[in-house]
Amino acid sequence: MEESLLWSPLNRLRTSSNSFLSQYEPLALVFAPFISILLAWILQSFFHLLRDQGLKTTLLGFFMSSLKLVPGVKKYIDAEKQKVVDKLQSSGKSKRDDWRSELPKAGLGVGVIEKMKDEKRNDVVWQGKCSGTVYIGGSESEGHFSLINEACSMFAHTNPLHLDVFQSVVRFEAEVVAMTAALLGSKEKSSGGQICGNMTSGGTESILLAVKSSRDYMKAKKGNIRPEMIIPESAHSAYDKAAQYFNIKLWRVPVNNEFQADAKAIKRLINKNTILIVGSAPGFPHGIIDPIEELGELAFCSGICLHVDLCLGGFVLPFARKLGYPVPPFDFSVQGVTSISVDVHKYGLAPKGTSVVLYRNHDIRKHQFVAVTEWSGGLYVSPTIAGSRPGGLIAGAWAAMMSLGLEGYLEHTREIMEASKMIQKGMKEIPELFIIGRPDMTIVAFGSHTLDIFEVNDIMSSKGWHLNALQRPNSIHICVTLQHVPFVEDFLKDLEDSVQTVKENPGPVSGGLAPIYGAAGKMPDRSMVKELLVDFMDSSC
């Protein structure tokens with residue numbers, strides 16, 4: 001009796017369901033679940049896209065994709081993009097047309113040196129004219145240049161991968177890391193006394209390794225399987241590269257009115273998947289130090305990692321502080337900072353291709369390493385992205401730091417900081433210009449409310465200067481190095497003359513890039529700007 005009472009409702013449900021479904025074709029009933037799943041997947045993908053990119057960007061992307069389906073439209077857009085790419089290359093003809101594509105039948109022997117000297121003469125004049133780029137002062141054939149060149153040459157054959165063979169280079173790397181760490185708080189009690197790290201090929205690799213290590217550390221610690229990181233929009237583009245390489249969702253947050261990382265905005269985005277937040281000291285665009293203490297407290301209280309990008313400031317800020325400049329806390333003395341990247345090949349005055357990534361402790365750094373146990377070539381472990389590494393560059397970095405010492409870095413920092421202050425003072429006397437924020441170090445970014453700043457940049461380029469064009473807001477900057485110290489007055493005079501030229505004759509300069517920069521900044525479809533950049537790079541390398 002009880003069993004029949006139980007089955008009676010089920011039978012009635014079955015009967016009514018069969019009666020309802022009998023009006024449909026069997027084939028439709030078979031495919032309906034699959035179509036429903038497909039529609040659900042499409043809707044889920046759309047909402048994920050909407051969450052990641054926002055309504056405006058999503059709809060604009062859909063519109064542009066649909067527009068390209070119209071016959072002839074895609075072909076027209078591609079042709080217009082190619083015109084822009086040719087313009088960016090300053091010529092419609094590829095510069096690679098006369099480049100060698102095969103080995104010479106007979107080797108040049110020592111004559112290749114003369115060939116290289118001939119090619120070098122085609123380089124533009126860079127002494128004192130380039131923003132950043134070359135950080136060592138003087139000529140490349142004398143002084144500090146000559147010293148590190150000799151050091152690199154002496155150890156050009158070495159490779160720290162073979163640590164049992166090239167023990168000198170292994171020691172050099174360890175000492176470069178230790179000396180750099182000492183500048184950034186490793187001797188402070190608040191650092192925990194376990195600061196460790198490795199040398200890398202540059203700031204990008206240092207950032208990549210710090211992000212990868214943070215991701216894997218947080219996965220082991222908290223089980224994060226959908227990692228996300230939050231960065232201010234002033235943070236270096238290397239974080240975008242890391243997000244793509246390591247499958248991490250990237251949130252980019254607008255800076256505050258002082259052009260610093262907005263800690264409150266970052267806090268609002270932190271969730272269970274967040275593994276890392278980022279600060280810079282200073283940021284590349286405007287030379288302004290982010291509120292590292294505030295970010296450190298946020299990271300510590302949230303149980304996540306904080307990486308500080310000191311690629312520019314690592315070999316300036318410690319010495320600027322000793323010279324009496326107001327420098328807020330930025331290193332491992334700040335609670336919550338878990339990793340730091342610092343370039344030795346910038347203001348450390350080492351050869352190009354030398355940087356350091358540091359971690360608060362060994363537990364985090366262990367996630368940087370790759371160990372392979374099942375390779376037929378034997379047991380293998382590597383500390384960085386590269387396997388083989390140029391020992392000559394490591395030796396050059398060690399030679400640079402040892403030759404300069406504390407007093408040398410203090411003197412160089414004094415020179416570049418004074419040059420930076422002179423440039424800021426001179427810019428304030430040009431009424432058409434304004435300085436972005438309050439620069440903390442040696443990068444000075446400036447814009448204009450009355451002139452097209454990119455036209456000013458084009459005029460400066462015609463005078464031999466190579467400055468960096470920025471966006472949001474449209475501006476340009478100069479990163480002051482020892483190369484600029486003797487040329488501060490020349491720079492300010494050329495800048496004032498360029499502003500006057502644009503003021504009297506506004507409009508694009510023949511062969512200039514102002515129209516392209518201006519158009520790219522206003523283009524709502526950022527995917528098209530990305531395609532332009534990719535096409536330019538593909539045709540340039």
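Buried here means under 20% relative accessible area, exposed means over 50%, and partly exposed is in between, with a 1.4 Å probe and protein chains only. By that cut-off Cys 130 is buried, at a relative accessible area of 10%. Cys 301 is exposed, with 62% relative accessibility. A disulfide is a pair of cysteine sulfur atoms within 2.5 Å, and the count by this rule is zero.

Some bookkeeping before I go on. This is a predicted model, where local features need pLDDT of at least 70, side-chain atom pairs count only at pLDDT 80 or more, and totals for chains, interfaces and linings use all residues. Residues are numbered from 1 along each chain as its sequence is written, and side-chain values use heavy atoms, with hydrogens and water left out.

Now the overall numbers. The protein has 541 residues, and 43% of them count as buried. It contains 18 helices and 13 strands; these are DSSP runs, with helices being H or I of at least four residues and strands E of at least two, numbered from the N terminus. The accessible surface is about 29,800 Å², and carbon and sulfur atoms account for 59% of that; the areas come from the Shrake-Rupley method with a 1.4 Å probe, and for residues only the protein chains shown count as cover. Contact means heavy atoms within 4.5 Å. Of the contacts between residues at least 6 apart in sequence, 71% join residues at least 24 apart.

Next, the interior. In soluble globular proteins, nonpolar side chains tend to be buried together. I call a nonpolar core a set of buried Ala, Val, Leu, Ile, Met, Phe, Trp, Tyr and Cys residues joined through side-chain atoms within 4.5 Å. The largest such core has 93 residues, and the members touching the most others are Val 211, Met 229, Ile 277, Leu 310 and Tyr 347. Helix H14, residues 391-428, supplies the largest share of this core, 10 residues. There is a second, separate core of 25 residues, including Ala 419 and Val 444.

Setting aside residues up to four places away in sequence, Met 229 touches residues including Val 211, Tyr 239, Trp 251 and Leu 276. Strand S2 spans residues 228-232, and five of its five residues are buried. In a regular strand the side chains alternate between the two faces of the sheet. In S2 both faces are covered, with Glu 228, Ile 230 and Pro 232 buried on one side and Met 229 and Ile 231 on the other.

What does S2 pair with? Two strands pair if DSSP finds at least two bridges between them. S2 runs parallel to strand S3, residues 249-253, over five bridges, and Pro 232 has Val 253 as its bridge partner there. S2 also runs parallel to strand S4, residues 274-280, through three bridges, with Glu 228 bridged to Thr 274. S2, helix H9 (residues 238-245) and S3 form a right-handed β-α-β unit; right-handed means that, with the strands pointing away from the viewer, the path from the first strand over the helix to the second runs clockwise.

Leu 358 sits in strand S7, residues 355-359, and its relative accessible area is 0%. Glu 173, in helix H7 (residues 167-183), is buried at 7%. Beyond four places in sequence, Glu 173 contacts Pro 160, Asn 198, Met 199, Arg 389 and Ile 394.

There is also an antiparallel sheet. It is open, with four strands in the order S10-S11-S13-S12. S10 (434-435) and S12 (468-470) are the edge strands, each pairing on one side only. S10 is joined to S11, residues 443-447, by two bridges, and Ile 435 stands opposite Phe 446.

Finally, the backbone exceptions. Most residues other than glycine have a negative phi, and most peptide bonds are trans. The bond joining Arg 472 to Pro 473 is cis, with omega about 0°. A cis bond also joins Ala 281 and Pro 282, with omega about -5°, and Pro 282 lies in the loop between S4 and helix H11 (292-302). Phe 259, in the loop between S3 and helix H10 (263-269), has a positive phi of about 65°.
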